[in-house]
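Subject: Handing over a structure

Dear colleague,

I am passing this structure on to you, and below it I have set out what was found. Please have the sequence and the model open while you read.

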Amino acid sequence: MPQLDVTTFAPQLVWLAITFAAMFFIMWKIAVPKISDALETRQMRLEDNLKKAEDLKREAEATLASYEKALADARAEAHADIQKIQQQLHEAAAKEEAELGDKLDAKIAASEKAIAAEVTKAMESVREVAIDVAAEAVQKLTGEAPQGGKVESAVDGVLKG
């Protein structure tokens with residue numbers, strides 16, 4: 001191997017020094033500044049992005065706060081509307097209940113009056129039927145027709161108690 005030949009060590013060392021110096025100079029003057037610039041640009045972009053992210057976060061928080069406030073306001077308004085509608089429904093129901101109660105009371109009074117009239121009418125027909133039955137029974141038992149007014153007074157006495 002030519003690299004291990006002792007007679008060529010000196011030129012190899014010279015070329016090694018020249019190559020190293022050239023590579024070092026290229027790295028020092030060209031590559032490192034470009035890498036450094038790229039890193040600085042990247043760092044600045046990251047900082048800008050972080051600042052934008054913080055701004056967006058603050059904006060999102062403000063939007064969220066306004067949304068929550070609007071939601072709370074809408075809930076309060078809806079609750080007030082519900083309370084108002086419930087109050088109106090209760091008032092309407094109470095009014096209708098009162099009107100229905102009045103109508104029912106009037107119908108009950110009319111029905112009671114009609115029932116009383118029918119009871120009176122029925123009692124009169126019962127009285128007449130009772131007088132007829134009593135007169136026939138007296139006639140069949142005695143063979144004579146009862147004299148006027150005695151059967152009616154007897155039936156009236158029984159009906160009155």
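Methionine 123 is placed in helix α1, where helices (H or I, at least four residues) and strands (E, at least two) are DSSP runs numbered from the N terminus. At 41% relative accessibility methionine 123 counts as partly exposed, a class that falls between buried, under 20% relative accessible area, and exposed, over 50%, with a 1.4 Å probe and protein chains only.

Before going further, please note that this is a predicted model, in which local features need pLDDT of at least 70 and side-chain atom pairs count only at pLDDT 80 or more, while totals for chains, interfaces and linings use all residues. Residues are numbered from 1 along each chain as its sequence is written, and side-chain values use heavy atoms, with hydrogens and water left out.

Surface patches

Methionine 123 belongs to a nonpolar patch on the surface, formed together with Ile115, Val119, Val126 and Leu159, and the patch has about 420 Å² of accessible area in total. Patches are made of residues with over 30% relative accessible area and no salt bridge, like charges being joined within 9 Å and nonpolar side chains (Val, Leu, Ile, Met, Phe, Trp, Tyr) within 5 Å. The accessible areas come from the Shrake-Rupley method with a 1.4 Å probe, and for residues only the protein chains shown count as cover. Helix α1 gives the most to this nonpolar patch, with four residues.

Glutamate 96 lies in helix α1, which covers residues 9-142, and with a relative accessibility of 56% glutamate 96 counts as exposed.

Salt bridges

The structure holds four salt bridges, each being a side-chain nitrogen of Lys or Arg within 4 Å of a carboxyl oxygen of Asp or Glu. In one of them the side chains of glutamate 54 and arginine 58 meet at 3.8 Å, N to O, and both residues lie in helix α1, four residues apart, about one turn of the helix. Arginine 58 also meets aspartate 55 in a salt bridge, at 3.2 Å, N to O; because these two are three residues apart in helix α1, about one helical turn separates them. Glutamate 54 is partly exposed at 46% relative accessibility, and aspartate 55 is likewise partly exposed, with a relative accessible area of 35%.

Another salt bridge joins lysine 69 and aspartate 73, whose closest N and O atoms are 3.1 Å apart. Lysine 69 and aspartate 73 are four residues apart in helix α1, and are therefore separated by about one helical turn. Lysine 69 is exposed, with a relative accessible area of 52%, whereas aspartate 73 is partly exposed at 41%. Salt bridges that share partners join Glu54, Asp55 and Arg58 into one network.

The course of the helices

Helix α1 has a kink of about 40°, centred on methionine 27, the bend at a residue being the angle between axes fitted to the seven residues ending there and the seven starting there.

After α1 comes glycine 143, whose phi is positive, near 80°. Lysine 160 has its place in helix α2, residues 150-160, and is exposed, with a relative accessible area of 77%. Lysine 160 and alanine 31 are 129 residues apart in sequence and 136 Å apart in space, C-alpha to C-alpha.

With best wishes
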